[in-house]
Amino acid sequence: VWRSPDGVSWERVESSDDAFAFGEAQMQDVAVGGPGLVAVGSDLGIGQAAVWTSDDGSNWSRAPANPEVFGTQLPDDQPWVQMWSVAGDEDGRVVAVGFDGFIGVAAAWVSPDGRSWVRAAHYDAVFGDGSRSHDLKGVTAGGPGFVAVGTVTLGQGHDLFIQLALAEHGRSRAIVLTSQDGLVWRRVPSEQLPGGGENVVLNAVTTAGPGLVAVGWRREQPDVPDGDTNPVVWTSPDGIQWTEAADPEGLLIQPGGQLIDDIVAGGPGLVTIGQDGDATGYNIAVWTSP
């Protein structure tokens, strides 16, 4: 963990054996919530999702490992569960989303304080039934309460490497979920997503613009290994109805391939980060929007 007063000068937080002494643990996202800040990720050593909290960004503690909450929902099987994203609302409630890798389904968790957690009830129609891999990569407070975005790959099975290859080659469809309380989720019908979400990977969502903005990328020629990828920016007033953002000056779609990994409210209004390049390599790219 690093802290900065201005985003320019940084200092690394002193390691805490109680919070950070885990050789295969990783933090993936952090948000305001709980006692101050909540970070989420995974502990690959035990195959569970992991949560850390801090009141000031300097002193951190880790939520107790609980396989019933942070592990797979299948008993007697090796767990492998990942939290990718976390968000808090004005009431102090915290929601995290991610992936249950052992059974290939998306997952969501909710906490009243960032310390005690429950996993949202699983419904095949929302989170997937394991026949195709579902993954939620971003969540934000907005719409009816919370909005999460992610991807379902369109091949059979949920082996990680097969699913990554399918997504890379455009065999994917974007998904959007909404919830009032973080416990019960509904999937937005694909008819209400631009182009039905076909060949799109959604990586992040934030509260901004007309209400919500989601970002990711689209493979323009599915199954063509060197085919172009183009950035995707969707907007919504409510998390239910989505439209593709206008790009009249062609600033998003350029020669070669571009993709967007994350978005945050800041700078002139919104800042996105991603990649720009071609088959020979990619560079970091930044886009801004008022």
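Visitor: Where is the place of N199?
Guide: In this predicted model, N199 is found in the loop between β14 (185-187) and β15 (200-208). N199 also has a positive phi, about 65°, although it is not a glycine.

Visitor: Which strand does β16 pair with over 8 bridges, besides β15?
Guide: That's β17 (residues 229-236), and the sense is antiparallel here too. Look for V213, whose bridge partner in β17 is T235. Strand β16 (residues 211-219) is mostly covered, with 8 of its 9 residues buried.

Visitor: Why is β11 called largely enclosed?
Guide: Buried means under 20% relative accessible area. In β11, 7 of the 9 residues are buried, so the rest of the structure largely encloses this strand. β11 pairs with β12 in the antiparallel sense, over 8 bridges. One of the residues to look up is D135, which has T151 in β12 as its bridge partner. These two strands make a hairpin with 2 residues between them, where G143 takes a positive phi near 60°.

Visitor: What makes a group of residues a nonpolar core?
Guide: Its members are buried nonpolar residues joined through side-chain atoms within 4.5 Å. The largest such core here has 17 residues, and F127, L136, L177 and W185 touch the most other members. Elements giving two or more residues to this core include β8 (94-100), α3 (124-127) and β13 (172-179). Apart from it lies another core, of 16 residues, among them A63, V81, V94 and W117.

Visitor: Which residues does L136 touch, not counting those up to four places away in sequence?
Guide: Quite a list! Among them are W84, V97, F127, V149, I175 and L177.

Visitor: How do you know that K137 lies over the face of W84?
Guide: One part of the test is a distance: the charged atom has to be within 6 Å of the ring centre. K137 is at 4.7 Å from the ring centre of W84, and K137 does count as lying over the face.

Visitor: Are W80 and F99 buried, partly exposed or exposed?
Guide: F99 has a relative accessible area of 5%, which is under 20%, so F99 is buried. W80 comes out at 28%, between the 20% and 50% cut-offs, so W80 counts as partly exposed.

Visitor: And what makes W2 exposed?
Guide: Its relative accessible area is 52%, and exposed means over 50%, so W2 qualifies. W2 lies in strand β1 (residues 2-3). Beyond residues up to four places away in sequence, W2 touches W10, E11, R12 and V13.

Methods. Residues numbered from 1 in each chain as written. Predicted model: local features only at pLDDT ≥ 70, side-chain atom pairs only at ≥ 80, totals over all residues. Heavy atoms only, no water. Helix = DSSP H or I, 4+ residues; strand = E, 2+ residues; numbered from the N terminus. Buried < 20%, exposed > 50% of the residue type's maximum accessible area, 1.4 Å probe, protein only. Contact = heavy atoms within 4.5 Å. Pairing = 2+ DSSP bridges. Lys NZ or Arg CZ within 6 Å of the ring centre and 35° of its normal.
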